[in-house]
Amino acid sequence: MMPNRISPSVIAHRGASGYLPEHTLAAKALAHAQGADYLEQDVVATRDGRVIVCHDLYLERVTDVAAVFPARNRDDGHYYAIDFDWDEIRELVVSCDAAAVAALVDAAAPAASGELLRICTLDEEIEFIHGLNRAGSHVAGIYPEIKEPRWHAEQGCDLSRALLGVLTDYGYRRAEDPIFVQCVDADELRRLKTELRTDLRLTQLIGRGTDPAHLTREALVAVADYAQAIGPNYRLVLTRDSDGRPIASPLVHSVRDAGLELHPYTFNYAQLPEDVADLEELLVLAYDVLQVDAVFCDFPDLAVGLRDVGA
Ligand code: CA
């Protein structure tokens, strides 16, 4: 089954994370209801080898781990997911603001809401999304990101192999399946293709700090050997001409020449460019000027609405 809409797709960045705590099932349910074509998962590993959905290697930014397990941080102060078993992590409560979480849950939320505001394994999240797909108006794909594979290897965990194991269990095996796997580490993406022999579509992420001089046409052709898309920071692909008009950067032309899809991130209100009035204008530039194939957005309703108006 493919997502209903082909181009451009809306990828719900950490779920509808502009509205609800990132990577909770609540944020994923809202994103699905808002019509997102793909729901994103950042994945890291636990001590007992479970693949969980969490943006950071550590837990304290989005959970109450410091209060529940006060002595379990490393010397750098972080409470790393890989130092905890899944049974411990599942007891933590998630919030946009960990300091406010107890008040949030105590004040209004019934027990079921507590379940929606915790970290989930990737298995749990996929089962939840498949339920939404069966019940909802459309099939949403998934878009997992392998976080820090080298760091995980140093900790004794092959995160990519663990991820592919879960994905295979849930039927994500072929290039036609509604999934992209993303990573910033080019060597790891090549490994997924060659050593781990996956047929799933891959997205090469490209960070804002990347020197555009390294993003040559030849470099993009090399990416196309293993990936189907690139996910650059949008500031690398949207620029202005000498008259101040918004145009696509040379990178976009190289992406097209290499036959890659363009999936820039992250469309939200944080650090909007000075020459863009608001998020709506930025999304319209992505659709009309960049002709993107997909956008990562914290506000799926906005991205879907603007896309469908322009269609
Ligand atoms: Ca991500």
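## Residues with positive phi

Glu148 is partly exposed, with a relative accessible area of 47%. In this predicted model, Glu148 is placed in the loop between β4 and α7 (149–154). Its phi is near 50 degrees, a positive value in a residue that is not glycine.

Gln271 sits in the loop between β10 (261–262) and α12 (279–288). With a relative accessible area of 63%, Gln271 is exposed.

## Calcium site

Three residues coordinate the calcium ion: Glu40 through OE, Asp42 through OD and Glu145 through OE, at 2.2 to 2.3 Å. The spacing of these donor residues in sequence is E-x1-D-x102-E. Asp42 belongs to strand β2 (residues 38–45) and Glu145 to strand β4 (residues 141–146), so this pair ties together parts that are 103 residues apart in sequence.

Asp42 is buried, at a relative accessible area of 1%. Glu145 also counts as buried, at 10% relative accessibility.

Glu22 lies in the loop between β1 (9–12) and α1 (25–33). Its relative accessible area is 17%, so Glu22 is classed as buried, the cut-off for that class being under 20%.

The side chains of Glu22 and Arg61 are joined by a polar contact of 2.6 Å. Leaving aside residues up to four places away in sequence, Glu22 touches Arg14, Ser17, His55, Arg61, Val62 and Val94.

## Helix α6

Helix α6 covers residues 122–135, which is 14 residues. At 1.5 Å a residue the helix should span 20 Å, and its end C-alpha atoms are 20 Å apart, so the two values agree.

The buried residues of α6 are Leu122, Asp123, Glu125, Ile126, Ile129, Leu132 and Asn133. An α-helix has 3.6 residues a turn, so residues three or four places apart point the same way. The elements that the buried residues of α6 pack against are α1, β2, β3 (51–53), β4 and α8 (159–169).

## Aromatic pairs

The structure holds eleven aromatic pairs. One of them, Tyr58 with Tyr80, is edge-to-face, with 6.2 Å centre to centre and 90 degrees between the planes. Tyr58 lies in the loop between β3 and α2 (65–68), and Tyr80 in the loop between α2 and α3 (86–89), so the pair ties together parts that are 22 residues apart in sequence. Tyr58 counts as partly exposed at 25% relative accessibility, whereas Tyr80 is buried at 9%.

Ring pairs also link Tyr38, Tyr143, Phe180, Tyr265 and Phe296 into a cluster.

## Charges over rings

Phe180, a member of that cluster, has the charged end of Arg201 over its ring, 4.1 Å from the ring centre. The charged end of Arg72 likewise sits over the ring of Phe69, at 5.2 Å from the centre.

Conventions. Residues are numbered from 1 along each chain as its sequence is written. This is a predicted model: local features need pLDDT of at least 70, side-chain atom pairs count only at pLDDT 80 or more; totals for chains, interfaces and linings use all residues. Side-chain values use heavy atoms; hydrogens and water are left out. Helices (H or I, at least four residues) and strands (E, at least two) are DSSP runs, numbered from the N terminus. Buried means under 20% relative accessible area, exposed over 50%, partly exposed in between (1.4 Å probe, protein chains only). A polar contact is a pair of N or O atoms within 3.5 Å; within protein, one must be able to donate a hydrogen and the other to accept it, and residues adjacent in sequence count only if both atoms are side-chain atoms. Contact means heavy atoms within 4.5 Å. Donors are N, O and S atoms within 2.8 Å of the metal (3.2 Å for Na, K and Ca); water is not among the atoms, so sites may look incomplete. The expected span of a helix is 1.5 Å times one less than its number of residues. Rings of Phe, Tyr and Trp (its six-membered ring) pair if their centres lie within 6.5 Å; planes under 30 degrees apart count as stacked, over 60 as edge-to-face and the rest as tilted. A charge sits over a ring if NZ of Lys or CZ of Arg is within 6 Å of the ring centre and within 35 degrees of the ring normal.
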